[in-house]
Amino acid sequence: MRRLVILGAGTAGTMVANKLRRRLALDEWQITVIDRDPEHLYQPGLLFVPFEPEPPDLLKSRRGLLRRGIQLLIGEVGALDTENKTVRLADGGVVGYDYLVIATGTSPRPDQTPGMLGPQWHRSIHDFYTYDGALAVRDALQSFPGGRLVVHVVDQPIKCPVAPLEFTFLAEAFFRRRGMRDQVEIVYVTPLDGAFTKPVASRFLGRLLDERKIAVETDFLVERIDAERKTLVSYDEREIGYDLLVTVPLNMGADFLGDSGLGDELNYVPVDKRTLQSIAHPDVFAVGDANDLPTSKAGSVAHFSSEIFVENFLQYVDGRAMTHRFDGHANCFVETGDGKGLLIDFNYDTEPLPGRYPLGRLGPLSLLRETKANHWGKLAFRWIYWHLLLPGRRLPVPNKMSMTGKHRPGEEVRP
Amino acid sequence: MTTIHVDSEGFLTEYGEWSEDLAAELAARIGIELTDEHWKAIRFLRADYPSHGETATLRRVSVLTGMPIKQLFTLFPGKPAKKMAYVAGLPKPRGCV
Ligand SMILES: Cc1cc2nc3c(=O)[nH]c(=O)nc-3n(C[C@H](O)[C@H](O)[C@H](O)COP(=O)(O)OP(=O)(O)OC[C@H]3O[C@@H](n4cnc5c(N)ncnc54)[C@H](O)[C@@H]3O)c2cc1C
């Protein structure tokens with residue numbers, strides 16, 4: 001039997017396991033998936049938790065999401081030995097592999113910023129990238145008497161880089177609906193030099209922030225949080241006070257990747273950006289947020305790149321050359337509040353542009369323009385995620401980005 | 001005078017056109033006089049680029065050289081990642097995606 005081991009059964013690990021189980025013969029291949037946690041969390045749903053009275057159901061059993069014929073081990077991966085091709089679990093178990101797929105994603109690390117964890121954590125200092133964190137934000141927003149709300153990103157890259165902007169738009173709409181918008185000052189604090197990473201989208205989103213009277217503080221790299229004085233302090237000694245802080249902590253890949261020498265300075269696995277094959281070890285691939293691809297860390301990227309990866313992997317284990325090439329394709333719905341949203345679509349070479357996104361019989365959707373349809377698209381995605389994406393079924397969207405419908409604006413970009 | 005190729009913001013576009021003399025000149029243009037400490041960061045960036053395939057981020061420079069981020073802010077005030085890349089003759093670091 002040939003042994004394929006997949007570390008992490010999140011978005012990418014589950015998709016890849018299910019796709020490969022259908023393509024690799026049961027009597028020739030053993031597929032083992034390891035995750036620390038028996039339940040799968042629908043992470044895009046976290047964005048809405050702070051604004052809903054009842055927490056939506058975002059969890060499903062991992063076992064139920066994996067096809068028959070896939071072995072699931074629940075356990076924390078503690079160490080990886082690429083010389084002997086073994087994975088060691090924290091409880092001492094050892095699992096050997098012939099081929100390894102790393103899909104352990106990226107996690108918020110509040111421990112990496114001095115002053116973030118402490119008595120004020122989940123009291124005046126919050127994050128919404130975890131389930132408990134999002135619930136605590138909800139309670140804090142409900143009881144917020146007014147004052148300054150600071151939404152903050154520690155550093156890039158983070159998964160779903162638009163999520164903190166979306167949170168800001170939703171919070172603004174939330175206070176407006178409550179009739180207390182004039183008692184709340186909202187400041188968006190970013191290490192980037194604009195609202196977003198790419199120029200056209202950044203100007204566009206910057207304008208939306210402007211219209212909503214949300215102040216933006218750019219080029220702010222936090223050194224520490226002075227929790228007592230409720231102040232963010234940057235490396236260049238700027239200070240920003242808050243009454244309520246909602247931060248996105250530094251995101252990092254799993255520690256065992258750094259420890260094994262396979263990860264970079266943020267524990268991401270350097271891979272060939274067209275094939276997702278590890279630069280250091282050819283029998284190792286890294287899919288989803290766990291790799292160092294220069295595109296967004298997002299479920300859409302996990303999806304598009306997994307399709308490419310699966311075809312390449314089948315060639316690779318057959319001893320053939322890998323002929324499929326990932327182009328960095330990403331697309332994201334961006335909630336902008338009041339039941340509307342935007343859609344952005346881009347890849348390694350093409351930044352998000354305005355226009356229309358063709359979508360078979362359902363489409364087209366508007367790119368970089370606020371519409372209700374985009375909001376509904378975002379909500380529909382939850383069903384698609386559980387029922388089409390994770391089982392590894394084909395979606396009616398091509399994995400390569402297309403220029404159809406897009407246009408490059410002149411200097412002016414109008415919402 | 002040798003000619004060099006730069007983008008619209010003045011970042012060198014040809015890795016091979018860089019020299020230590022040029023670095024000193026570029027640094028002077030943004031008001032920086034290069035000391036040994038500056039050179040430690042610049043040399044790391046130059047050496048890292050060909051294998052890594054892109055300009056090192058501030059965090060990468062800090063972790064791999066052991067120079068604290070705070071120190072990099074002192075050496076290259078304001079926007080250290082951009083300023084280091086500019087002096088090292090590398091593309092402007094991609095604001096991540
Ligand atoms: C608030 C929020 C909103 C988002 N919104 C969107 C959106 O609208 N659209 C979109 O496309 N994407 C969105 N994303 C991003 C998306 O959820 C991720 O990009 C996607 O889940 C990445 O998949 P992955 O498999 O790489 O990682 P994950 O799905 O995070 O899976 C990693 C798995 O590895 C396991 N693991 C990690 N370390 C270990 C270990 N040491 N041992 C054992 N198991 C381990 C974890 O338990 C986890 O199950 C959002 C994310 C957040 C946080």
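**View 1. Salt bridge between A:Asp155 and B:Arg59 in the predicted model.** The side chains of A:Asp155 and B:Arg59 form a salt bridge, with 3.0 Å from N to O; the term denotes a side-chain nitrogen of Lys or Arg within 4 Å of a carboxyl oxygen of Asp or Glu. Across the interface of chain A and chain B, six salt bridges are found by this rule. On the side of chain A that touches chain B, the residues comprise nine charged, eight nonpolar and five polar, where Asp, Glu, Lys and Arg count as charged, Ala, Val, Leu, Ile, Met, Phe, Trp, Tyr, Cys and Pro as nonpolar, and the others, Gly among them, as polar. This is a predicted model in which local features need pLDDT of at least 70 and side-chain atom pairs count only at pLDDT 80 or more, whereas totals for chains, interfaces and linings use all residues. Side-chain values use heavy atoms, with hydrogens and water left out, residues are numbered from 1 along each chain as its sequence is written, and chains are lettered from A and ligands numbered from 1 in the order in which they are written.

**View 2. The interface of chain A and chain B.** Contact, meaning heavy atoms within 4.5 Å, joins 22 residues of chain A to 17 residues of chain B. The two chains bury about 1700 Å² between them, 58% of it on carbon and sulfur atoms; this is the accessible area (1.4 Å probe) lost on putting the two parts together, summed over both. In chain A, the residues that lose the most area to chain B are A:Tyr235, A:Glu265 and A:Pro294, which together account for 34% of what that side buries.

View 3. A:Cys160 is partly exposed at 27% relative accessibility, whereas A:Cys332 is buried at 8%; buried means under 20% relative accessible area, exposed over 50%, and partly exposed in between (1.4 Å probe, protein chains only).

**View 4. Residues 411-415 of chain A, where pLDDT stays under 50.** For this segment the model has 12 contacts beyond four places in sequence. The mean pLDDT, the predictor's confidence in each residue from 0 to 100, is 94 for chain A.
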